[in-house]
Amino acid sequence: MSSSGSGPQQRQQASEADATGRTFQASEHQHIRYNPLQDEWVLVSAHRMKRPWQGQVEPSLLETVPRHDPHNPLCPGATRANGEVNPHYDGTFLFDNDFPALQPDAPNPGPSDHPLFQAEAARGVCKVLCFHPWSDVTLPLMSIPEIRAVIDVWASVTEDLGAQYPWVQIFENKGAMMGCSNPHPHCQVWASSFLPDIAQREEKSQRAYQSRHREPLLMEYGHQELLRKERLVLTSEHWLVLVPFWAVWPFQTLLLPRRHVLRLPELTPAERDDLALIMKKLLTKYDNLFETSFPYSMGWHGAPTGSEAGANWDHWQLHAHYYPPLLRSATVRKFMVGYEMLAQAQRDLTPEQMSSSCSGLSRVLVAVATALVSASSSCPQAWGPPGVQYGQPGRPMTLCCPGVTAGAPVSWFRDGETRLLQGPDSGLGHELVLARADSADEGTYICRTLDGAVGMVTLQLGYPPARPVVSCRAADYENFSCTWSPSQVSGLPTRYLTSYRKKTVPGADGQRMSPSTGPWPCLQDPPGAACCVVRGAEFWSQYRINVTEVNPLGASTRLLDVSLQSILRPDPPQGLRVESVPGYPRRLRASWTYPASWPRQPHFLLKFRLQYRPMQHPAWSMVEPAGLEEVITDAVAGLPHAVRVSARDFLDAGTWSAWSPEAWGTPSTGPLPKEITAESQPHTQLVEEPPADSPAPPRPSLLPDPQPLVHRDPLEQVAVIASLGIFSLLGLAVGALALGLWLRLRPDGKDGPPKPGFLAPMIPVDKLPGAPNL
């Protein structure tokens, strides 16, 4: 086998020399990065995002989930596979997994007979934790107190199971893309009698780093990320969210406490409150990134528990991993196959680029997240008049005394009543807890501190928002508007946050994150109206509209994909006029103009359709005019007629406009011109020339008329007659040929002398005079 060119060593030297002469850029040149937490390397190939995508496109993630499904085994009151009935819970619900991967009484496999075939005992417990009684909510749509309740259960179940098992793994799989078979908001808790592989690697790496640098690995890493500010997504008083330097998944994040904490049960109340807040912000950013319910797998890693809990674990730092699979859009995901399975992990965009996509997410979407967080606080003050607090019928409600320091003891009364509702020794501080609020609890409450200061709170009950009903329409080629209405009445003050983004075709270079695709705010015009306008849209592009309904009890988002060409619907034509035609009792002339909102340009034309009917006649007749006027030629003499017009793009983009307001007109009742009626001349219709001072008859309608005008060209008539003659001759010739063939080929009769053929001579040859006798 022959080869050409220089040898491998020479090529390698040349390549290294060329690489040395260029400046390294992480966003352009491939490189490998070290993951000190799990002691592994990841290949970063940022330039690969320029390639077109022709791989799998996932189905749309926009699905409607019922709030309560009696057949869903995770819903309150539903029957599970093992026959047990769930309680009608209104908060969190923790129960044993009906199909556990680990069981506490599994037998021991016994000793191995060969070092290549080893097996050890695996025992444990698997539980399921439902976050909320509703199936159509997720963590980012839950309130801060509801998320805090989930965190408290995480801490308590870790403490309970950690007393027996060395590892307690809390994890959530969200979305069908991550293998979640049930949309109800929930997570799982697996406690095992062994330390899993990833936990072993993290324990080993953190211990080794601590022994070398006298500092916990993740504590130092969080400190360095705060200094560099390259991969930070969110920060708060007690927590950090960042994209790890060694991230593998496209939008992977790491959640770290600022304080040195080993396990979830060690978090203080303030840290738990702050954790609920930053989780809500992070997951809202995820949902808004591609404007979909963002799928992910997440889990907590705390120091080992069980019999080893008392050992020295100072090298360990509590942390949570978020691994979302989405790559380029809501329908394009990353796959861990091929090189990732056989060699090492690989990613395309750098973590720095991904963190900028998350942290720099459009101001309007950050405003959405801020509004959601504000709306979900336990004592919201940003809604409606001051001193009004909101709750939901049938749910627990906490009222806060305004202007009082948190925890200060107060006495509570109903306005106008002297009966004490709750005294200062209740232990609830400045809060009044209603176990199950109903309409009788609505009204004004008085709170009085020990030093005599008085506060006033008004309770108003209502319901969380549901997804609004949204529709969009384009009245021209450049702008479109969207309107919305609530799908159910909440009874609470409501705001609508609106944005849009330009969608790109999967696989195109533009599919990469780019500011040219948005999202941008959809401006409400006028402010506060149930309508927003997108100006300067592109006719052939697709857009995703985001309308989020927010009230003090939460938020609900409706996403709508539209294209300008499909929602194009002009305004109705304007200036419709109907006039009689003097001397013609069966004719009406209708004229109109383009709608004022339509751009009058040669390549932006409209076509029209016109409907008319006599008074008291239920059915409409319709014609499609060729311009801006039409003559109706079959009107009913003496009766008023209603006329209306609609318009549509001349290339049939979009739909027809609404009908214009009706205009009325009555045909002329003046003298008729002298003419020969169709009844007296059945084959021809001669029209006498009107007098010079008589108006010329207008252009007839395209609709067939019982008395149509004859405007035939004489040459055309001659051509038609000649054509008919030629076809007639051809038809006779074909008929004669067919008759001859039939006579020639028909069978002879059985009796009598044979009949001569069609081409045989009329006199036999042997009868002719002088014929030879053969």
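Where does D39 lie? I found D39 in the loop between β1 (31-35) and β2 (40-44); helices (H or I, at least four residues) and strands (E, at least two) are DSSP runs, numbered from the N terminus.

I note that this is a predicted model, in which local features need pLDDT of at least 70, side-chain atom pairs count only at pLDDT 80 or more, and totals for chains, interfaces and linings use all residues. Residues are numbered from 1 along each chain as its sequence is written, and side-chain values use heavy atoms, with hydrogens and water left out.

**Positive phi**

I looked up the phi of D39, which is near 55°, a positive value in a residue other than glycine. D39 is exposed, with a relative accessible area of 51%; buried means under 20% relative accessible area, exposed over 50%, and partly exposed in between (1.4 Å probe, protein chains only). I then turned to D652, not a glycine either, and read a positive phi of about 70°. D652 sits in the loop between β35 (641-649) and β36 (663-665) and is partly exposed, at 41% relative accessible area.

**Helix α3**

I checked the length of α3 (residues 197-213): its 17 residues should span 24 Å at 1.5 Å a residue, and the end C-alpha atoms are 24 Å apart, which agrees. The expected span is 1.5 Å times one less than the number of residues. In α3 I listed A199, E202, E203, S205, Q206 and Y209 as buried. The buried residues of α3 pack against β5 (167-174), α4 (217-228), β10 (296-301) and β11 (319-323), where contact means heavy atoms within 4.5 Å. R214 follows α3 and has a positive phi, near 55°.

**Cysteines**

I counted three disulfides, a disulfide being a pair of cysteine sulfur atoms within 2.5 Å. C401 and C447 form one, with their sulfur atoms 2.0 Å apart. This pair links distant parts of the chain, 46 residues apart, with C401 in the loop between β16 (397-400) and β17 (410-414) and C447 in strand β20 (residues 443-449). C401 is buried at 4% relative accessible area, and C447 is buried at 0%.

C472 and C482 form another, also with sulfur atoms 2.0 Å apart; the link is right-handed, with 100° about the S-S bond. For C522 and C532 I read an S to S distance of 2.1 Å. The torsion about their S-S bond is about 90°, so this disulfide is right-handed.
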